[in-house]
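Please look through the structure below with its aromatic residues in mind. The paragraphs after it take the fold and then the ring pairs in turn.

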Amino acid sequence: MLTQLKKIQQQWQGTDQVIDTWLDERQALLVSYCQLAGLPPFLREANTPVPDFDLKHFCQLLIDYISAGHFEIFNQKANQQLSVEENDLISKINTSTDYALAFNDQYTKSTTGDLSTQLADNLSQLGQYLEQRFALEDQLLSQRLNS
């Protein structure tokens with residue numbers, strides 16, 4: 001996901017300050033995700049608990065990223081008619097939004113000690129949703145920037 005992000009940043013960097021900032025937020029989100037999941041280069045011993053602060057920080061980055069996407073990127077054409085393709089992409093993106101919001105609610109409204117056994121599985125599932133989301137967002141941005 002980070003490799004794909006670098007390609008997208010190179011392709012669109014300087015196109016729009018809002019998009020640049022949003023892609024920087026995506027990078028921060030991905031780095032935080034890799035840290036929580038114990039992915040390289042942030043390897044972690046198995047069964048090592050994730051600090052509450054790290055998890056809550058990740059959830060904040062997740063919500064900030066999703067909010068920026070919906071309110072600053074996707075709705076940029078709010079006064080214009082969206083194409084069928086754009087509506088379809090946004091609908092598919094909303095599926096990952098629902099999962100991300102549920103993940104956030106689950107891990108910010110309870111103590112992680114109660115959920116630590118589920119965290120690895122939930123992070124894995126969230127990672128799959130995020131990967132799909134990023135691909136869909138990139139398609140949407142490409143349509144917007146090339147129209």
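What follows begins with the chain as a whole and then turns to its aromatic side chains.

This is a predicted model, and its chain has five helices and zero strands, so that the pattern read along the sequence is α-α-α-α-α. Of the 147 residues, 38% count as buried, and among contacts between residues at least 6 apart in sequence, 74% join residues at least 24 apart. Where pLDDT is low, the predicted coordinates should not be read in detail.

The aromatic pairs in the chain number six. In one of them, the ring centres of F58 and F103 lie 6.0 Å apart with the planes at 90°, and because an angle over 60 degrees counts as edge-to-face, the pair is given that name. Since F58 belongs to helix α3 (residues 52-73) and F103 to helix α4, this pair ties together parts that are 45 residues apart in sequence. Both partners are buried, F58 with a relative accessible area of 0% and F103 with one of 2%.

Another pair, Y99 with Y129, is stacked, with 4.6 Å from centre to centre and 20° between the planes. Because Y99 lies in helix α4 and Y129 in helix α5 (residues 112-145), the pair ties together parts that are 30 residues apart in sequence.

F58 and F103 also belong, together with Y33 and Y107, to one aromatic cluster. A further ring, that of W22, has the charged end of R26 sitting over it, 5.5 Å from the ring centre.

Notes:
Residues are numbered from 1 along each chain as its sequence is written. This is a predicted model: local features need pLDDT of at least 70, side-chain atom pairs count only at pLDDT 80 or more; totals for chains, interfaces and linings use all residues. Side-chain values use heavy atoms; hydrogens and water are left out. Helices (H or I, at least four residues) and strands (E, at least two) are DSSP runs, numbered from the N terminus. Buried means under 20% relative accessible area, exposed over 50%, partly exposed in between (1.4 Å probe, protein chains only). Contact means heavy atoms within 4.5 Å. Rings of Phe, Tyr and Trp (its six-membered ring) pair if their centres lie within 6.5 Å; planes under 30 degrees apart count as stacked, over 60 as edge-to-face and the rest as tilted. A charge sits over a ring if NZ of Lys or CZ of Arg is within 6 Å of the ring centre and within 35 degrees of the ring normal.
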